[in-house]
Amino acid sequence: MNFKLIIQYDGTDFHGWQMQGEGRTVQGELTQALSLIDGGPVVVHGSGRTDAGVHAEGQVANVQLQKQITAEKLRAAINGNVGKDVRILEVRSVDDEFHARYSALEKTYAYRLVTGPVMSPFWLRYAHHDARAFDVERMSRCAESFVGRHDWTAFSSAQSDSETRERTIKRLTVTSRWDDRGRCSLIEMSVSADGFLRYMVRSIAGTLMAVGRGEITDQMVKRLINEGDRSLAAATAPACGLSLVSVRYE
């Protein structure tokens, strides 16, 4: 049986999604739990890799199991065998053809930034703090330049193993609001695309933050996008502010 999993996790204490030689990973923890449940080796396919320290509000994975089990019991069994910083919100039986990565049509990430002199402990693990002033309207106008299909080499890791660096950004918005719980101003950069390269969202966020601080101009950003000159890009934003919000399928 093929099961689709909707997953949330706090990425702070994980070395990212993908299993590796050592270090705690989300995929590794799920694989260990599911292998125990199924009584043998399993392969957990995620919609994509999140890096160390990056969170997920709506990560999607699928796994093929031999064991006959209901979706509800499987959810309870997984949650009972993984750390409390990762939770399976929903389990659904799907067609064998469904693949969390290759069936995905669109992913949405959010980068969150707390401004002001004090960082609330309620946002400490889930947002980046910068006490400087930001021109959110300018950031929002500049965000429009990123929409469309481009080669995103200048906004990605040199170690990215993707065959092509072209991706289509469908939406990129910058909004600001007052957060009552944290008693702080919160800027959110939300981006949706047909796919992302490694560090791409964090690099875009860092560049938009530099625009908001008046350190680089809109024209420089357009050159960066069109010419792919990495030297024009701002520093990559820290991982703690990034979260995978959702993955869209047919």
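What follows is a short walk through the fold of one protein chain, from its overall build down to a few local details. The model is a predicted one, so to speak of local features a pLDDT of at least 70 is needed and side-chain atom pairs count only at pLDDT 80 or more, while totals for chains, interfaces and linings use all residues. Residues are numbered from 1 along each chain as its sequence is written, and side-chain values use heavy atoms, with hydrogens and water left out.

The protein chain holds five helices and ten strands, where helices (H or I, at least four residues) and strands (E, at least two) are DSSP runs numbered from the N terminus. Its radius of gyration is 19 Å, close to the 18 Å that the globule rule gives for 250 residues, so the chain is as compact as a globular protein of that length. That radius is taken over C-alpha atoms, and the rule is 2.2 Å times the number of residues to the power 0.38. Along the principal axes, the C-alpha atoms fill a box of roughly 60 × 40 × 35 Å.

Strand β7 (residues 148-151) runs antiparallel to β8 (residues 166-179), with four bridges joining them, and Arg 149 stands opposite Thr 168 in β8. On to the next pairing: β8 and β9 (residues 184-193) are also antiparallel, joined by ten bridges. Here Arg 171 stands opposite Ser 192 in β9. The hairpin of β8 and β9 has four residues between the strands, and in it Arg 183 takes a positive phi near 50°.

Leaving aside residues up to four places away in sequence, Ser 145 touches His 150, Lys 222 and Ile 225. Lys 222 is 77 residues from Ser 145 along the chain, yet their C-alpha atoms are separated by 6.6 Å.

Terms used. Pairing = 2+ DSSP bridges. Contact = heavy atoms within 4.5 Å.
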